[in-house]
Amino acid sequence: MAEVNGRPGDGYVAVRVTGDVDTGTRAALTDALERALAVGSPSILVDLTGVRFFAVAGVHCVERAVGALEARGGSAHVVCPQPGAAWRVVSLLGLQQQWLVHHDVDAAVAGCTAGRWPSSAPVRGGDEPAEVAGRHVPVGTAGPGGPVRRRVQG
């Protein structure tokens with residue numbers, strides 16, 4: 001269901017999640033994310049590519065890990081291929097505006113190894129489409145420079 005790979009020297013730890021994520025598998029996902037956080041890397045890559053069903057229980061697990069990592073100055077990069085079960089839930093809930101969401105693992109790895117936000121990464125507000133490389137990209141989706149994320153104030 002969830003496997004953890006990586007060492008602190010890699011700059012990130014990867015958590016690969018497969019199968020159904022629901023109340024029955026929540027404990028295993030929570031354990032994997034907690035083990036990844038315990039490694040102490042500045043970034044965690046949560047790969048939801050192999051997820052067939054993504055219930056709110058899984059959303060809560062990922063949200064807790066994202067919050068814990070951000071609280072200590074780190075970043076979590078979440079892979080949600082489009083189309084896919086995880087992407088459907090993430091996009092319906094608007095989480096791509098709060099999480100660092102990538103549509104493929106290579107982009108997420110680049111985000112993890114480049115640090116939290118490269119100075120060239122776009123940060124947009126509002127719900128209007130952003131112009132990225134001459135094409136419109138809805139706010140919150142990944143563009144060529146990485147994920148587009150709304151600045152949350154508070």
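Over which residues does pLDDT stay under 50? The answer is residues 116-154. This is a predicted model of one protein chain, with 154 residues. The chain forms four helices and eleven strands. Its mean pLDDT is 77.

**Confidence**
- In the protein chain, 71% of residues reach a pLDDT of 70 or more.
- Confidence is highest in strand S5, at a mean of 96.
- Confidence is lowest in strand S6, residues 123-124, at a mean of 30.
- For residues 116-154, where pLDDT stays under 50, the model has 70 contacts beyond four places in sequence.
- Where pLDDT is low, the predicted coordinates should not be read in detail.

**The chain as a whole**
- Buried residues account for 47% of the 154 residues.
- The accessible surface is about 7600 Å². Carbon and sulfur atoms hold 52% of that surface.
- Take the contacts between residues at least 6 apart in sequence: 69% of them join residues at least 24 apart.

**Helix H1 and Thr 30**
- Helix H1 runs over residues 26-39, and Thr 30 lies in it.
- Is Thr 30 buried or exposed? Thr 30 counts as buried because its relative accessible area is 19%, under the 20% cut-off.
- Leaving aside residues up to four places away in sequence, Thr 30 touches Cys 61 and Arg 64.

**Strand S4 and Ser 75**
- Strand S4 covers residues 75-79, and Ser 75 is part of it.
- Ser 75 has a relative accessible area of 1%, so this residue is buried.
- Which side chain makes a polar contact with the side chain of Ser 75? The partner is the side chain of His 77, at 3.3 Å.

**Helix H3 and its cover**
- Helix H3 spans residues 85-93.
- Its buried residues are Ala 85, Ala 86, Trp 87, Val 89 and Val 90.
- An α-helix has 3.6 residues a turn, so residues three or four places apart point the same way.
- What covers the buried residues of H3? The cover includes strand S3 (43-54), helix H2 (56-71) and strand S5 (100-102).
- Strand S5, part of that cover, is also where confidence is highest.

Methods. Residues are numbered from 1 along each chain as its sequence is written. This is a predicted model: local features need pLDDT of at least 70, side-chain atom pairs count only at pLDDT 80 or more; totals for chains, interfaces and linings use all residues. Side-chain values use heavy atoms; hydrogens and water are left out. Helices (H or I, at least four residues) and strands (E, at least two) are DSSP runs, numbered from the N terminus. Buried means under 20% relative accessible area, exposed over 50%, partly exposed in between (1.4 Å probe, protein chains only). Contact means heavy atoms within 4.5 Å. Accessible areas come from the Shrake-Rupley method with a 1.4 Å probe; for residues, only the protein chains shown count as cover. A polar contact is a pair of N or O atoms within 3.5 Å; within protein, one must be able to donate a hydrogen and the other to accept it, and residues adjacent in sequence count only if both atoms are side-chain atoms. pLDDT is the predictor's confidence in each residue, from 0 to 100.
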